[in-house]
Protein chains: 2
Amino acid sequence: MATIIDGRKLAKKINDETAKQVTKLKSENVFPCLAVILVGDDQASHRYVRSKHRKAEQLGIKSIVKEMPENTTQEDLMQVLNEYNNDDDIHAILIQSPLPKQIDEKFIMKQINPKKDVDGFQTINAGNLFLNESTNYPVACTPNGVMQMFKEYNVALEGKKAVVIGRSTIVGRPMAALLINAGAEVTVLNHFAEVSQYTKDADIIVSATGKLHTLRAADVKAGATVIDVGQNVDENGKLVGDVDFDEVAKVAGNITPVPGGVGPMTICMLMKQTVQLAKWSDKRNG
Amino acid sequence: MATIIDGRKLAKKINDETAKQVTKLKSENVFPCLAVILVGDDQASHRYVRSKHRKAEQLGIKSIVKEMPENTTQEDLMQVLNEYNNDDDIHAILIQSPLPKQIDEKFIMKQINPKKDVDGFQTINAGNLFLNESTNYPVACTPNGVMQMFKEYNVALEGKKAVVIGRSTIVGRPMAALLINAGAEVTVLNHFAEVSQYTKDADIIVSATGKLHTLRAADVKAGATVIDVGQNVDENGKLVGDVDFDEVAKVAGNITPVPGGVGPMTICMLMKQTVQLAKWSDKRNG
């Protein structure tokens, strides 16, 4: 039976460390601050933003939530963003997706100051990761959280066979880059690939397909580490991952559940990265 | 017996097309211009730069070669680079590596205007490639040349198994990104991996290890396409690739020789990309 990788417990541990870092920074007169811009009435977005806000406050991070109406123009949004981009007291900026249709979301997202890009989505930061640069740069929170799981559960990466299923810019690609940079032998697959021919031999499998039954027990090598980034709703309305958890858990060495696995890591990494951006900014200013 | 992918012939074809593009651009009053900065006395560098200069002139591209002495300071080099970065008549800039040791090569390379980054090495351009952006950006010339080979020889990529051996920022990583973006199932390996376990099943293998005998016949599936980016000198002082050409050619479907394979593609892609940068620049200015 696999070890269950406990995302809630690890998130708590990382949050505790983040809170300590915040206290330390404050004693040095650096006040980590995250600004979230929320445009429109999307209820799920409001919920996500509230939970980010609460978590930031819990950890001592200053949290600004700028709510803007559904009919906000791109120019109005750009004005707020520019103000935040140039405000030295704001270290991290997040624009909650989705944006109303009158706004060119792809364009706007690219206008975030890369030094405040807490999501790690900016092209220059993706380039830093892809080229394995040694400078300080933010990294996409979800795959960065998965790296923390590997560390916490002593999952060796160097020279290991890793398979990443899904090639999105926010999970699959940065996950692959992180694993390549850590010395793994990495295969990147489309969600429609016949994954079992690759996963059967793999030491590490990360599934980010959003497809039920992406991985079954027969697709997984005994002892492999299985990370499930999927958040799907099954036929009974239950939140499940991409992986057939009960079956795969009998074969795998380590496995993340859904919920309680990768999910809790994303916000905790957002907070950790806000504090990192504050530190780096202080070094630049100091 | 494999089809031999003829890099010299393909380079000539691409150069002919580039020369036509240059003529067309000139008729529109755009004069494609490549500036190469060459610092110091390295004889191989002088040879490379001369051959780039000759090729540019042959194709009608204006070629500026700025030779600077071995004892050039970083400040002096930066001054020349800034001038070129800001000169609208210069579309493409290349700083020949290696640079003398008093110069921080990594730093200087990052100072090239990304819009004139004919090598495609700038972080923002690597990020564009990694994120598969749809905007115009330059791509590293050698892997981009390999993509031209796939096209010319009708090598299908979508859904195919591809293995890239070597993870350098100038060949392996951009090659992997190009293949991922083309829909292949891509594995990226260290040069010290046991490659045969991956290559035996692969439809496409790109070797960029700089190691003799990286691939032998037994490592290759019948009919596979084998691209050899290696440039090595064997025990007899002969220029050879990473692949045991004579043996592998009996098994593969397509194979590049060394010399005469990937080698000639790099300069031809440099010229093609100079012309593309000139076109894009014209659109921006116009």
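Reader: How many salt bridges are there between chain B and chain A?

Author: The count between the two chains is four, where a salt bridge is a side-chain nitrogen of Lys or Arg within 4 Å of a carboxyl oxygen of Asp or Glu. This is a predicted model, so local features need pLDDT of at least 70 and side-chain atom pairs count only at pLDDT 80 or more, while totals for chains, interfaces and linings use all residues. Residues are numbered from 1 along each chain as its sequence is written, chains are lettered from A and ligands numbered from 1 in the order in which they are written, and side-chain values use heavy atoms, with hydrogens and water left out.

Reader: ok, which side chain meets K110(A) in a salt bridge?

Author: That's E133(B), at 2.9 Å from N to O. E133(B) also forms a salt bridge with K106(A), with the closest N and O atoms 3.0 Å apart. K106(A) sits in helix α4 (residues 105-109) of chain A and E133(B) in the loop between α5 and α6 (141-152) of chain B, so the pair joins two chains. Helices (H or I, at least four residues) and strands (E, at least two) are DSSP runs, numbered from the N terminus.

Reader: and how many salt bridges does the structure hold over all chains?

Author: 16.

Reader: What about polar contact, how many residue pairs between chain B and chain A?

Author: 17 residue pairs, both residues at pLDDT 80 or more. A polar contact is a pair of N or O atoms within 3.5 Å; within protein, one must be able to donate a hydrogen and the other to accept it, and residues adjacent in sequence count only if both atoms are side-chain atoms.

Reader: Which element supplies the largest share of chain B's side?

Author: α5(B), with seven residues. The side of chain B that touches chain A divides into 15 nonpolar, 10 polar and seven charged residues. Here Ala, Val, Leu, Ile, Met, Phe, Trp, Tyr, Cys and Pro count as nonpolar, Asp, Glu, Lys and Arg as charged, and the others, Gly among them, as polar.

Reader: How many residues does the contact take from each chain, and what area gets buried?

Author: The contact (heavy atoms within 4.5 Å) takes 32 residues from chain B and 32 residues from chain A. The two chains bury about 2,900 Å² between them, 55% of it on carbon and sulfur atoms. Buried area is the accessible area (1.4 Å probe) that two parts lose on being put together, summed over both.

Reader: Switching to strands: parallel or antiparallel for β6 of chain A with β6(B)?

Author: Antiparallel, over three bridges, and V188(A) stands opposite V186(B). Two strands pair if DSSP finds at least two bridges between them. Within chain A, β5 (residues 161-165) and β6(A) pair in the parallel sense over five bridges, with K161(A) and E185(A) as bridge partners.
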